[in-house]
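I opened this entry to look up how the strands pair. My notes follow the structure.

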Amino acid sequence: MSSTVGQVIKCKAAVAWEAGKPLVIEEVEVAPPQAMEVRIKILFTSLCHTDVYFWEAKGQKPLFPRIFGHEAAGIVESVGEGVTELAPGDHVLPVFTGECKECTHCLSEESNMCSLLRINTDRGEMINDGQSRFSINGQPVYHFLGTSTFSEYTVVHSGCVAKINPQAPLDKVCILSCGFCTGFGATVNVAKPTKGSTVAVFGLGAVGLSAAEGARYAGASRIIGVDLNPKRFEEAKKFGVTEFVNPNDYDRPVQEVIAEMTNGGVDRSVECTGNINAMISAFECVHDGWGVAVLVGVPHKDAVFKTHPVNFLTERTLKGTFYGHYKPRTDLPGVVEMYMNKEIELEKFITHEVSFSEINKAFDLMLQGASLRCIIRMDD
């Protein structure tokens, strides 16, 4: 490995040249890591809906050419100046948000929103010098979420890299670096349902099913899945969902339906759609006196949350969460251990697998709603 340290690496990457057009496998040059950066050999990556959203460039400024990808696992190839906690050969998960361990957020036990390294969807360069580490024939190619894992090698800020158990299967734990932790943590760390409680989960995609898995893990007695797609209901049973509600089946607000089913409302709800009406329903369906609703989905930029203040005065709580309230470097190694100890299952989230050369197939599967997580093998 040491032969490439400090040198430019040429490797394959899937480059998005323009919005909504198939990715193209190109030879790219990957510069060595600068101060507080690491260069990682990506072994497995998976496709998350966020990649698709920014590839389609709907509702945010387009930034192309770009290398997408942010759910992945790999091995450190080399480290830049000042990096002490990581070394070549370490097994790692790169994460779209970070933990500098020095800012007020990192020093607070109550926050995981690092001031320096929190998610920035507009940034296409490295924080250190405002430059890209990727280029094709001397022309820079933009980064995505500081990770850009659709490349055989990528450069990531060391604060966005979690060192994990080298025994963990990277083709499974790669999904912990985004989707699973976002949903599971929203339930376990933020909603905190007690054993025997009732939980409603809005949206049964990968994040919603992870939230349901969190409710199952916490010992909830009833887990009500809410989704507009009836095809999702059968699969959701594997994740602990016990009952299903399709809002389209009723001519009244779904929160009223759920309140009726649960004798006044659920104990906890977790919203994983980003739809503003689902968010309002998730809040209004929790029981007065103790109900807690947690928002996970990212709303449209013009969305407005409207509810009557009495819903708060009657002691319902509304919370939001970011990445399941996990601090990436501190907490992710422990989530990997939960998987290794068979406390959580990841296999059931992985519905498809493709080789790197077939990466566009992963996009097709997600656009068709056919996949939860599609693993992309980088070694072809």
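**Strand pairing**

I started with strand β3 (residues 37-46), which pairs with β4 in the antiparallel sense over eight bridges. Strands here are DSSP runs of E, at least two residues, numbered from the N terminus. Two strands count as paired if DSSP finds at least two bridges between them. The model is predicted: local features need pLDDT of at least 70, side-chain atom pairs count only at pLDDT 80 or more, and totals for chains, interfaces and linings use all residues. Residues are numbered from 1 along each chain as its sequence is written, and side-chain values use heavy atoms, with hydrogens and water left out.

I then stayed on β4. E71 in β4 is the bridge partner of S46. H91 in β5 is the bridge partner of I75.

**The open sheet**

Next I looked up the strand order in the open sheet. Four strands run β1-β2-β6-β7, with antiparallel pairing. Which strands stand at the edges? I found β1 (9-15) and β7 (139-141) there, each with a single partner strand, so one side of each is left without a neighbour in the sheet. Neighbouring strands of this sheet are turned by 50 degrees against each other on average, direction ignored. The axes are lines fitted to C-alpha atoms.

Last, I checked β6 (residues 134-136). Three bridges join β6 to β7, and the two run antiparallel. Q139 in β7 is the bridge partner of I136.

Note on methods. Axes are lines fitted to C-alpha atoms, for helices over the stretch in contact, and angles run from 0 to 180 degrees between N-to-C directions.
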